[in-house]
Amino acid sequence: MNIREKPPHEAPRRIQVSPKDNVAIVVNALGLPAGTEFPDGLVLNQFVPQGHKMALADVAEGAPIIRYGEVIGYAIGNIKRGDWINENNVRMAAPPPLEALEMATRPPPPGEALTGYTFEGYRNADGTVGTKNILAISTSVQCVAGTMEYALKRIKAELLPKYPNVDDVVVLAHAYGCGVAINAPQAVVPIRTLQSLARNPNFGGEVLVVGLGCEKLVPERLTEGGGDTMRMQDHEGFGANIAVIMERVEARLKVLNQRKRETVPASELVVGMQCGGSDAFSGLTANPALGYCADLLVRAGATVMFSEVTEVRDAVHLLTPRAATPEVAEALVAQMRWYDEYLEQGGVDRGANTTPGNKKGGLSNIIEKSLGSVAKSGTSAINGVLKPGEKVKTRGLIFAATPASDFVCGTLQLASGMNLHVFTTGRGTPYGLAAVPVIKVSTRSELAKRWADLIDLDAGPIATGEKTIEDVGWELFHLMLDVASGRKQVWADKWGLANDLTLFNPAPVT
Ligand code: CA
């Protein structure tokens, strides 16, 4: 699809983010051929694909390459004005040292309160609000997964139709529970995640745990805040086990069927933000629009989580000054340090994050990706930091420490209590979650057009100047309220697309 020789009919377009930048990226969908001349006289020396960088000035060997006003790397060889810059001529810079950061030096003052926005949600006894009405069956060990798959088919066929106010029944299946070092210090992460997951606001406080009976993770560890457990080994035969599961499930469906949506303020939203399949437009369109929307949510009193440690690490110097207190800044740095060590034990660094698709989309390295990724966080003060799988307790903008892996991040944000997920993508993914609606936002209009039945909102018009970041931010804000209310269905829910829950287990497997 790229036009390598014939000039395109449309005018060449490029975007430079900061006046300090010595690169700009190509907006034109088909890329731009060698010889393309811009109105300021810049001539491309090679074909440059869409989303990729061109040098705006000569850059001498070893000199900094600057995008977003930040150094994303150093030139390999002498780069000429008009050259294509990609991972082959950029040497990655070191990450910002964690010892020399500005800690809570410039927390932004609170924005003007945004009042009067509401959605229709399910109020829970613990004060949280759900956006769906789902029965979740927890499992304490993978051994029962096959049984639960069988049970779920029968539940959906025989029980769920009798309780029309219940949207769905899901099994919280996972590979943890046995064959693991349950007392290892880091085992706290998967165990806390499972405890918190069972109490996601969309599950209405009805906790049922199905276990085997001899596993290390005893089912009662998942019902410390209340709930019911059963063990397969306590019952005679498979048929009897299924009968017990069906009976316990039906009792809960009866309770959940009584839930009704009621009007609640927008402050009850707990939004988890992440990106996946990022490209060079992520930091120009979808993520800044999501960041603007995050600021609106914070002004409305809601909770907004950003995550993905490896995509925050290289931009942490831009975040610690925004911490509301020195304690929040310290907690943020502690999560970065923990992850640096975790990666080091595996013999890699944060550079292991980037994918072939990211590079094809124009991202030369993890620094460039991170600077675009943190645009999701908007401009509000960072009000809190969560360890992986911890439940959110404070409102405002929260950093929830998670790996950047889409499935692991989504699972941990669910555990932290999100009731709505926003996912930005440049390359495209059919990602979805069974437990909460996932709003997918594309960075480019080409993707939104190709995948019109998967992408919920197109942030691409920001790149072409047809819409502003503010326009798309407000559109997203209104879409969130509609989706949270059940008035609009996201594409992933229309198709029934849901990725597996994926636990983060940094502890040893035995
Ligand atoms: Ca991700």
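**A quick tour, starting inside**

Let's begin with Thr303, which is buried, at a relative accessible area of 4%. You'll find Thr303 in strand 16. Before I go on, please keep in mind that this is a predicted model.

So what does Thr303 touch, once we leave aside its neighbours within four places in sequence? The list is Ser267, Leu269, Val270, Val271, Val392, Thr394, Arg395, Gly396 and Ile398.

Now step along to the loop between strand 16 (303–306) and helix 5 (316–319), because that's where Glu308 sits. Is Glu308 buried or exposed? Buried, with a relative accessible area of 0%. Glu308 has another feature: its phi is near 65°, a positive value in a residue other than glycine.

Glu308 also takes us to the metal. Which residues coordinate the calcium ion? They are Gln274 through OE1, Cys275 through O, Glu308 through OE, Ala404 through O and Asp406 through OD, at 2.3 to 2.5 Å. If you like to see that as a pattern along the chain, the donors follow the spacing Q-C-x32-E-x95-A-x1-D. Cys275 and Asp406 are both buried.

Helix 2 (residues 188–197) packs against helix 9 at an angle of about 60°, and their axes are 7 Å apart. That angle is why helix 2 counts as oblique to helix 9. The crossing here is left-handed. On the helix 2 side, the contact is made by Thr193, Ser196 and Leu197, and on the helix 9 side by Thr411, Leu412, Leu414 and Ala415. Sorted by class, that contact has four nonpolar, three polar and no charged residues.

There's another helix pair to show you. Helix 4 (residues 286–299) and helix 12 (residues 469–484) pack at an angle of about 60°, with their axes 8 Å apart. Helix 4 is therefore oblique to helix 12. What about the hand of this crossing, left or right? For helix 4 and helix 12, it's right-handed.

Who meets whom there? From helix 4 we have Pro288, Ala289, Leu290, Tyr292, Cys293, Leu296 and Leu297. Across from them, helix 12 brings Ile469, Glu470, Val472, Gly473, Trp474, Leu476, Phe477 and Met480. The residues of this contact divide into 13 nonpolar, one polar and one charged.

While we're on helix 4, look at Ala286, which is found in that helix. Ala286 counts as buried, at 1% relative accessibility. Leaving aside its neighbours within four places in sequence, Ala286 is in contact with Phe281, Thr424, Val441, Ser442, Thr443 and Ala459. The C-alpha atoms of Ala286 and Gly372 are separated by 9.6 Å, and those residues are 86 apart along the chain.

Last stop: Tyr68, in the loop between strand 4 (64–67) and strand 5 (70–75). Phi of Tyr68 is near 60°, again a positive value in a residue other than glycine. At 16% relative accessibility Tyr68 counts as buried, because the cut-off for that is under 20%.

That's the tour, and I'm happy to go back to any part of it.

Conventions
Residues are numbered from 1 along each chain as its sequence is written. This is a predicted model: local features need pLDDT of at least 70, side-chain atom pairs count only at pLDDT 80 or more; totals for chains, interfaces and linings use all residues. Side-chain values use heavy atoms; hydrogens and water are left out. Helices (H or I, at least four residues) and strands (E, at least two) are DSSP runs, numbered from the N terminus. Buried means under 20% relative accessible area, exposed over 50%, partly exposed in between (1.4 Å probe, protein chains only). Donors are N, O and S atoms within 2.8 Å of the metal (3.2 Å for Na, K and Ca); water is not among the atoms, so sites may look incomplete. Axes are lines fitted to C-alpha atoms, for helices over the stretch in contact, and angles run from 0 to 180 degrees between N-to-C directions. Angles under 35 degrees count as roughly parallel, over 145 as roughly antiparallel, 65 to 115 as roughly perpendicular and the rest as oblique. A crossing is left-handed if the near helix is turned anticlockwise from the far one by less than a right angle, and right-handed if clockwise. Contact means heavy atoms within 4.5 Å. Ala, Val, Leu, Ile, Met, Phe, Trp, Tyr, Cys and Pro count as nonpolar, Asp, Glu, Lys and Arg as charged, and the others, Gly among them, as polar.
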